[in-house]
Amino acid sequence: MIEWRRLSTGVRPVPDPVATPVIWGGAFLGALVLVATLNFFGGHGRPMFALVALSLLAALLGLCARFVAAPGTAALCWVFLNGFAIPPAGHLSWAGDRDAGWLACLLAAAIAGTALARVVNARAGYRRITPFGHRSWPPE
C-alpha cells in the first residue's frame, strides 16, 4: 500500500539554500579578510596561494548557496585576487589567459561546492522521507 505524505508541510527534507545576496556579502567580506591576511603574512605577489585560498572560500560558500550565486561569488573572489593579491595593489587588469583561468577556477570551485551540497542534501532528504530505509519489493 502506498502512503502519501505532503512534503510542503512541517520540516522540509532538504534545507533551503541561503539567499544569493547573503552569499555575495560573505564572498565580499571573506575574500577581503582572506586576501588581507595573506598579504599581511607575506603572500603579496604570490597569486597561487591566494587563488587556492579563494577557491576554497568559493567552494565553502557554494555549500549553502544556489547555483545562480556561483558566477557572482567567483567574480567577487576574482576582483580581490586581481586587485589586491598581485602587484600593483588596487589596480584591476585583465591579462587574457591568466585571468580567464583564474575566473574559471573560481567558478568551478563555487559550482562544485553547490553541486556537492545538492547531492548530499538530496541523499539525506531521501533517507528522511523513506520510512525504515530501503524497502524490498514485493512487500514481505
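Guide: Begin with a pair of helices. This is a predicted model. Helix α1 covers residues 20-40 and helix α3 covers residues 70-84.

Visitor: How are α1 and α3 oriented to each other, then?

Guide: Angles under 35 degrees count as roughly parallel. Therefore α1 and α3 are roughly parallel to each other. Their crossing is right-handed.

Visitor: Which residues in α1 and α3 meet?

Guide: From α1, the list includes Ile 23, Trp 24, Phe 28 and Leu 32. Among their partners in α3 are Leu 76, Cys 77, Phe 80 and Phe 84. By class, this contact has 11 nonpolar residues, 3 polar ones and no charged ones.

Visitor: Where does UniProt place the feature "transmembrane region"?

Guide: An unreviewed UniProt entry puts it at residues 22-41, 48-81 and 101-120. Now look at the model. Residues 22-41 are 95% helix and 0% strand, with end C-alpha atoms 28 Å apart. Residues 48-81 are 79% helix and 0% strand. The end C-alpha atoms of that span are 10 Å apart.

Visitor: In which helix is confidence lowest, and in which is it highest?

Guide: Confidence is lowest in α4, residues 97-129, at a mean of 89. It is highest in α1, at 95. The protein chain has a mean pLDDT of 85, and 83% of its residues reach 70 or more.

Technical notes: Residues numbered from 1 in each chain as written. Predicted model: local features only at pLDDT ≥ 70, side-chain atom pairs only at ≥ 80, totals over all residues. Heavy atoms only, no water. Axes fitted to C-alpha atoms, helices over the stretch in contact; angles between N-to-C directions. Helix = DSSP H or I, 4+ residues; strand = E, 2+ residues; numbered from the N terminus. Parallel < 35°, antiparallel > 145°, perpendicular 65-115°, else oblique. Left-handed = near helix turned anticlockwise from the far one by under 90°. Contact = heavy atoms within 4.5 Å. Nonpolar A, V, L, I, M, F, W, Y, C, P; charged D, E, K, R; others polar. UniProt positions renumbered as here; feature names shortened; annotations may be inferred. pLDDT = per-residue confidence, 0-100.
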